[in-house]
Amino acid sequence: MAHRLRPVGLDFVGIAPVRHVCEREISAPVEAVYRALEDVPGWAEWFPQVTDARPVDGGKRRDIRLVGGLRFRESIIAATEPEVYAYRVDVTSVPGVRAIAEEWRLAPAGTGTRVRWTFATDGTAAYRLAMRPVRTAQSKAFRDAVTALDRRLTA
């Protein structure tokens with residue numbers, strides 16, 4: 001069953017009731033990392049939880065499928081090359097959620113890139129409670145994905 005979420009802007013990333021921030025430095029240059037974020041179908045090649053990723057509406061939106069069958073229809077809310085790539089979830093199969101936005105912020109770190117990912121969300125009390133233990137899994141997923149992306153871009 002599809003759940004339509006509240007539309008949020010980039011400001012939601014800083015004010016959401018539930019926020020999870022992960023950061024990691026990698027060897028790949030900022031421009032290459034940004035291009036990989038914009039390459040929606042490519043996400044399935046470096047982000048292990050993503051089983052399918054497709055651009056929709058001329059690249060303004062994305063259809064994402066994750067391991068376990070979770071589905072998301074997302075809208076790009078910021079694409080400022082090479083610093084920020086962000087999207088919000090418009091429709092999802094996840095129950096109890098009211099809003100989700102994710103921001104990928106990139107900055108030079110020597111010859112590589114500092115990647116900061118923020119997952120911002122809101123939902124019912126039960127959803128918020130369920131998100132607490134998910135942080136560890138999200139942190140691992142982020143580390144694994146960014147490590148795989150770095151390997152792919154520097155091979």
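Visitor: Let's start with D57: what is its relative accessible area?

Guide: In this predicted model, D57 has a relative accessible area of 44%, and because that value falls between the 20% limit for buried and the 50% limit for exposed, D57 counts as partly exposed.

Visitor: Okay, and where is D57 found?

Guide: D57 belongs to the loop that runs between β3 and β4. As background, a negative phi is what most residues other than glycine have.

Visitor: Which peptide bond is cis, then?

Guide: The bond from E81 to P82 is cis, and its omega is near -5 degrees. P82 itself sits in the loop between β5 and β6. In general, most peptide bonds are trans.

Visitor: Switching to pockets: what volume does the largest pocket have?

Guide: The volume of the largest pocket comes to about 650 Å³. Its lining is made of 26 residues, and those closest to the centre are L66, L70, F72, F119 and Q138. Two or more lining residues come from each of β4 (61–66), β5 (71–80), β6 (84–92), β7 (97–109), β8 (112–123) and α4 (125–154).

Visitor: Where does the largest share of that lining come from?

Guide: That share comes from α4, which supplies seven residues to the lining of the largest pocket.

Visitor: And how many residues of that lining are nonpolar, polar or charged?

Guide: In the lining of the largest pocket, 21 residues are nonpolar, two are polar and three are charged.

Visitor: How much space lies in the second largest pocket?

Guide: The second largest pocket holds about 170 Å³ of space. It is lined by 13 residues, and the ones nearest its centre are D63, I64, R71, F72 and R73. The elements contributing two or more residues to this lining are β3 (50–56), β4, β5 and β6.

Visitor: By class, what does the lining of the second largest pocket have?

Guide: Its lining has six charged residues, together with five nonpolar and two polar ones.

Visitor: Let's zoom out. How many helices and strands does the protein chain have?

Guide: The protein chain has four helices and eight strands, and when these are read along the sequence the order is β-α-β-α-α-β-β-β-β-β-β-α. The radius of gyration is 15 Å, close to the 15 Å given by the globule rule for 155 residues, so the protein chain is as compact as a globular protein of that length.

Visitor: What does its C-alpha trace span along the principal axes?

Guide: The C-alpha trace of the protein chain spans about 45 × 30 × 30 Å along those axes.

Visitor: How about burial, what percentage of the 155 residues do buried residues make up?

Guide: Buried residues account for 46% of the 155 residues in the protein chain. As for contacts with a separation of 6 or more, 55% of them involve residues 24 or more positions apart.

Methods: Residues are numbered from 1 along each chain as its sequence is written. This is a predicted model: local features need pLDDT of at least 70, side-chain atom pairs count only at pLDDT 80 or more; totals for chains, interfaces and linings use all residues. Side-chain values use heavy atoms; hydrogens and water are left out. On a 1 Å grid over the protein atoms alone, a cavity is a set of points where a 1.4 Å probe fits but cannot get out, and a pocket is an open set with protein on both sides within 12 Å along at least five of seven lines; lining residues have an atom within 4 Å of a point. Grid points are joined across faces, edges and corners, and a volume is the space filled by probe spheres set on the points. Ala, Val, Leu, Ile, Met, Phe, Trp, Tyr, Cys and Pro count as nonpolar, Asp, Glu, Lys and Arg as charged, and the others, Gly among them, as polar. The radius of gyration is taken over C-alpha atoms; the globule rule is 2.2 Å times the number of residues to the power 0.38. Buried means under 20% relative accessible area, exposed over 50%, partly exposed in between (1.4 Å probe, protein chains only). Contact means heavy atoms within 4.5 Å.
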